[in-house]
Amino acid sequence: MNLNKKRIIITGGTSGVGYELVKQLAANNHIIVIARNSTLLNQLFQTFANVTTYQADLSRLDEVEKVAKRLVEKGQPIDVLINNAAVQNTPTFLDKDFEYAYIAPEITLNFTSICCLSSLLLPVLQHDDKAVILNVNSGLGLAPKRASAVYCATKGALNIFSQSLRYQLEDTNISVQQAFLGLVDTAMTHGRGQNKMTPHDAAAAIIDGIQREIPDHDIGKVPWLRLLLRLAPATARKILKKY
Ligand SMILES: NC(=O)c1ccc[n+]([C@@H]2O[C@H](COP(=O)([O-])OP(=O)(O)OC[C@H]3O[C@@H](n4cnc5c(N)ncnc54)[C@H](OP(=O)(O)O)[C@@H]3O)[C@@H](O)[C@H]2O)c1
């Protein structure tokens, strides 16, 4: 898909990879950003001529439904839905700072809200031109690390969901694509990890994958992870277990 003069929804466009996607796509497209931080949403609206913003907490299903309803009521076709917003809670289940209360919202934001938006926004995604649902995934959706068990599980579920939804929609105008990112230098990975990609490069690679219509696009170190999982799965899992 040629990303020019498209209407593109980006969840979590206020920081990190999402913000870079907004920056790189706003010059030639109309961008609709959904996130929570009203100050940052307002800054986006002031900075970019082609950006509309919607405030919603996507870890709450009532807010997911409300924002989707507003977008459907507008009746304007959507060409690309980029499901980018996510959180990663790193403490292990045995850590003192593990928060039981964070489990359900993390699953809702990272996984359930994406299933719900994909369903609720079908009326504006189905039209005569091509449309794309692009789910931002992670190498951790292919194999888990030790920390962030819930995050890894949501990304694994997102991988399976994306493949199944792709089958369901194959005779429609909508393609389902995934971008599997390696480590990126954002707030999510602040203070941990090395040799991280810049958010700029991660966003540029995601855009390139949409334009080249790559169904499952491995970015950064993910091609190496996928290869290792095929050639030496026990070694790959041993490495990831350390983190
Ligand atoms: N960073 C990495 O190393 C890495 C690696 C692999 C995959 N990824 C994936 O890349 C994507 C972007 O991550 P990132 O690193 O750019 O993260 P980030 O910098 O922490 O940004 C997360 C974005 O999600 C939004 N968000 C968080 N909670 C939300 C909620 N409850 N409702 C609505 N929006 C919410 C935030 O906006 P508000 O605070 O304004 O709501 C923010 O814009 C995620 O899907 C992540 O899993 C990242």
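Helix 1 lies across strand 1 (7-11), strand 2 (30-35), strand 3, strand 4 (80-83) and strand 5, and runs at about 160° to strand 1. Contact here asks for C-beta atoms, placed from the backbone, within 7 Å of each other. Axes are lines fitted to C-alpha atoms, for helices over the stretch in contact, and angles between N-to-C directions run from 0 to 180 degrees. Helices (H or I, at least four residues) and strands (E, at least two) are DSSP runs, numbered from the N terminus.

This is a predicted model: local features need pLDDT of at least 70 and side-chain atom pairs count only at pLDDT 80 or more, while totals for chains, interfaces and linings use all residues. Residues are numbered from 1 along each chain as its sequence is written.

The strands form an open sheet of seven, in the order 3-2-1-4-5-6-7, with parallel pairing. Strand 3 (51-55) and strand 7 stand at the edges with a single partner strand each, so one side of each has no neighbour in the sheet. On average, neighbouring strands are turned by 15° against each other, direction ignored.

Two strands pair if DSSP finds at least two bridges between them.

| Strands | Sense | Bridges |
|---|---|---|
| Strand 5 and strand 6 | parallel | eight bridges |
| Strand 6 and strand 7 | parallel | three bridges |

Asparagine 135 has glutamine 178 in strand 6 as its bridge partner. From strand 5 the chain passes through helix 6 (residues 149-168) to strand 6, in a right-handed β-α-β crossover. Right-handed means that, with the strands pointing away from the viewer, the path from the first strand over the helix to the second runs clockwise.

Phenylalanine 180 has aspartate 218 in strand 7 as its bridge partner. The crossover from strand 6 through helix 7 (residues 199-211) to strand 7 is left-handed.

Of the eight residues in strand 6 (residues 174-181), seven are buried, that is, with 20 or more other C-beta atoms within 10 Å of their own.

Around the ligand there are 28 residues, of which Gly12, Gly16, Arg36, Asn37 and Thr186 come nearest; a residue is near if its C-beta atom, placed from the backbone, lies within 6 Å. Helix 1 (16-25) and strand 5 (131-138) are the elements that give two or more residues to this shell. The largest share, three residues, comes from helix 1.

Methods
A residue is buried if 20 or more other C-beta atoms lie within 10 Å of its own, exposed if 12 or fewer, and partly exposed in between; C-beta atoms are placed from the backbone. Two residues are in contact if their C-beta atoms, placed from the backbone, lie within 7 Å.
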